[in-house]
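Subject: Handing over a structure

Hello,

Here is the structure we talked about passing on. Please open it and keep it beside you as you read the notes below.

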Amino acid sequence: MTTKNLDQIAEIFTGARTSRYIKENNPLKPVIKNKFSKDKIHLEFSNEPISNKLDEKFYSRKGDIVISLSAPNNVSLIDKDDYIIPMQFAVIRLPDGYDPNFITAALKSSYFSNEISRRLEGTSLKIIKIEYLKEMELNIPDYEKQKSIGEYFNLMNQRNMLLERKIELNKEFENKVMADILKSR
């Protein structure tokens with residue numbers, strides 16, 4: 001296992017300032033919103049009229065990792081190409097030889113969260129500077145170990161999402177049963 005700064009293993013940059021490329025007659029393109037869905041894993045998108053002049057660098061690639069630069073600094077693994085990444089996010093683009101599921105799990109860890117919390121700046125809106133992300137150190141095992149650890153954490157995330165959904169459905173069922181009981185009077 002080797003210790004490396006994040007910028008030694010990935011290209012790291014902020015997203016695009018999309019407001020510069022929005023014009024009414026442009027084709028609609030999916031833009032990542034600066035918020036996460038209820039499961040805190042999947043990003044939400046909106047369709048915006050974005051110019052074709054936007055650099056390809058700002059279009060997502062499957063396997064990109066995005067981190068919200070403002071607190072709570074959510075981390076998400078992008079599973080689709082061609083979504084526009086706005087400037088409120090840092091993009092971590094890994095080369096071959098690094099497993100995105102492993103790096104995502106590492107970035108979601110309490111260790112990483114604590115490191116970010118120590119480096120947040122600002123009073124009302126706390127943000128992390130991209131330079132701090134680049135300096136973050138990670139212990140990186142060999143690729144095969146990364147893949148097995150990454151797959152394990154990916155499965156655990158899926159399991160947790162299913163358990164949360166099960167709880168939601170149980171609550172809905174309880175509410176419907178109680179509503180039926182109260183209506184029957």
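One definition before the details: two strands pair if DSSP finds at least two bridges between them. With that in hand, look at Thr3, whose bridge partner in S8 is Asn139. Four bridges join strand S1 (residues 2-5) to S8, and the two run antiparallel. Please note that this is a predicted model.

**Overall layout**

The protein chain has five helices and eight strands. Along the sequence, their pattern is β-α-β-β-β-β-β-β-α-α-α-β-α. The C-alpha atoms fill a box of roughly 65 × 50 × 35 Å, taken along the principal axes. Of the 185 residues in the chain, 36% are buried. The accessible surface comes to about 11800 Å². Carbon and sulfur atoms account for 49% of that surface. Contacts reach across the sequence too. Among those between residues at least 6 apart, 65% join residues at least 24 apart.

**Strand S8**

Back to S8, which covers residues 137-140. Which of its side chains are buried? Leu138 and Ile140 are, and they point to one face.

**The four-stranded sheet**

Next, an open sheet of four strands. Its order is S2-S7-S5-S6, with antiparallel pairing. Strand S2 (11-14) and S6 stand at the edges. Each has a single partner strand, so one side of each is left without a neighbour in the sheet. From one strand to the next, the twist averages 20°.

Within this sheet, S5 and S6 run antiparallel and are joined by three bridges. Ile65 stands opposite Leu77 in S6.

**Asp64**

Asp64 lies in the loop between strand S4 (43-49) and S5. Is it buried or exposed? Asp64 has a relative accessible area of 2%, under the 20% cut-off, so this residue counts as buried. What does Asp64 touch, leaving aside its neighbours within four places in sequence? Its contacts are Tyr59, Ser76, Leu77, Ile78, Ile85, Val91, Ile92 and Arg93.

Most residues other than glycine have a negative phi. Two residues here are worth a look on that count.

- Asn73 is not a glycine, yet has a positive phi of about 55°. Asn73 sits in the loop between strand S5 (65-68) and strand S6 (75-77). Its relative accessible area is 10%, so Asn73 is buried.
- Asp82 also has a positive phi, near 75°, and is likewise a residue other than glycine. Asp82 is in the loop between S6 and strand S7 (89-93). With a relative accessible area of 46%, Asp82 is partly exposed.

**A nonpolar patch**

Last, the surface. Which residues make the nonpolar patch of about 490 Å²? They are Phe173, Val177, Met178, Ile181 and Leu182. Phe173 is found in helix H5 (residues 143-183). Its relative accessibility is 57%, which is why Phe173 counts as exposed.

Best wishes

Terms used: Residues are numbered from 1 along each chain as its sequence is written. This is a predicted model: local features need pLDDT of at least 70, side-chain atom pairs count only at pLDDT 80 or more; totals for chains, interfaces and linings use all residues. Side-chain values use heavy atoms; hydrogens and water are left out. Patches are made of residues with over 30% relative accessible area and no salt bridge: like charges are joined within 9 Å, nonpolar side chains (Val, Leu, Ile, Met, Phe, Trp, Tyr) within 5 Å. Accessible areas come from the Shrake-Rupley method with a 1.4 Å probe; for residues, only the protein chains shown count as cover. A salt bridge is a side-chain nitrogen of Lys or Arg within 4 Å of a carboxyl oxygen of Asp or Glu. Buried means under 20% relative accessible area, exposed over 50%, partly exposed in between (1.4 Å probe, protein chains only). Axes are lines fitted to C-alpha atoms, for helices over the stretch in contact, and angles run from 0 to 180 degrees between N-to-C directions. Contact means heavy atoms within 4.5 Å.
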